[in-house]
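Visitor: I'm new to this. Could you walk me through this protein in plain words?

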Amino acid sequence: MYWLPKRLAAQYTTHNRIRNYAALRLRLYHSYKLAVNKLLEMEEISVKATGIVRRIDDLGRVVIPKEIRRTLRIRESDPLEIFTDHEGAIILKKYSPIGELGSFAKQYAESLSQVSGHLALIADRDQIIAAAGSNSKQVLGKSVSKALEEKMNSRETVCTSRSDKDYVSVTEDEAEEYQHEVIIPIITQGDVIGAVVLLSAKAGDEMNEVEMKLAQSAAGFLGKQMEQ
């Protein structure tokens, strides 16, 4: 006599589950659409029209205007990533090989700072991509200075103090006056892709062969990682 109410109760429970599941999927769908639209809005805001038009030659090449190359610090032989979007736009982005290391570079900088006791930086050819130690947040993400860029291009190793003529500022707008530094270029497959830098703000905390060896080992290891 009681089988009918039980069956109806089971059907009612199943119906509720289906309705709740459908409602959940609908909410997820709307959340997804909202997130996608937000990303598209961000992309539209971040893309800036230059008003410059260039024709493609018979070999499929197009010249990036000199003023844009200068502003974005795009040098001869620099690698560029190519992206396309849903509207048919072609986007070129500077490619940083060492930037691909991401969190690994950060962890390595932290280890290097702990071992050396100094501010440890890992830079690509354009900016500081990892930093650890005292005041590391002040330099993380900042553009490297022209002087440091020249040191990397010439593949020079530097171990000097601020009073020496070879001393270079690491970033364009160095917030703190560092007294001692070690700079070792990171080289992979014959190309310079960045540098390992150790900095100290203490006047009596001079860098020596120990810091040089640490930075050289770090640069060599990171260079090998990029070859794998």
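Visitor: Which residues does Arg 61 touch, not counting residues up to four places away in sequence?

Guide: This is a predicted model, where local features need pLDDT of at least 70, side-chain atom pairs count only at pLDDT 80 or more, and totals for chains, interfaces and linings use all residues. Residues are numbered from 1 along each chain as its sequence is written, and side-chain values use heavy atoms, leaving out hydrogens and water. Contact means heavy atoms within 4.5 Å. With neighbours up to four places away in sequence set aside, Arg 61 touches Arg 55 and Ile 56.

Visitor: Is Arg 61 buried or exposed?

Guide: Buried means under 20% relative accessible area, exposed over 50%, and partly exposed in between (1.4 Å probe, protein chains only). Arg 61 has a relative accessible area of 51%, so Arg 61 counts as exposed.

Visitor: And what label does Leu 92 get, with a relative accessible area of 45%?

Guide: Leu 92 lies in strand E2 (strands are DSSP runs of E, at least two residues, and helices are runs of H or I, at least four, numbered from the N terminus). Its 45% falls between the 20% and 50% cut-offs, so Leu 92 is partly exposed.

Visitor: What is the volume of the second largest pocket?

Guide: A pocket is an open set of points on a 1 Å grid over the protein atoms alone, with protein on both sides within 12 Å along at least five of seven lines; lining residues have an atom within 4 Å of a point. Strand E7 (residues 191-200) gives the most to this pocket's lining, with three residues. Points are joined across faces, edges and corners, and the volume is the space filled by probe spheres set on them. For the second largest pocket, that comes to about 450 Å³.

Methods. 1 Å grid on protein atoms, 1.4 Å probe; cavity = no way out; pocket = protein on both sides within 12 Å on 5 of 7 lines; lining within 4 Å.
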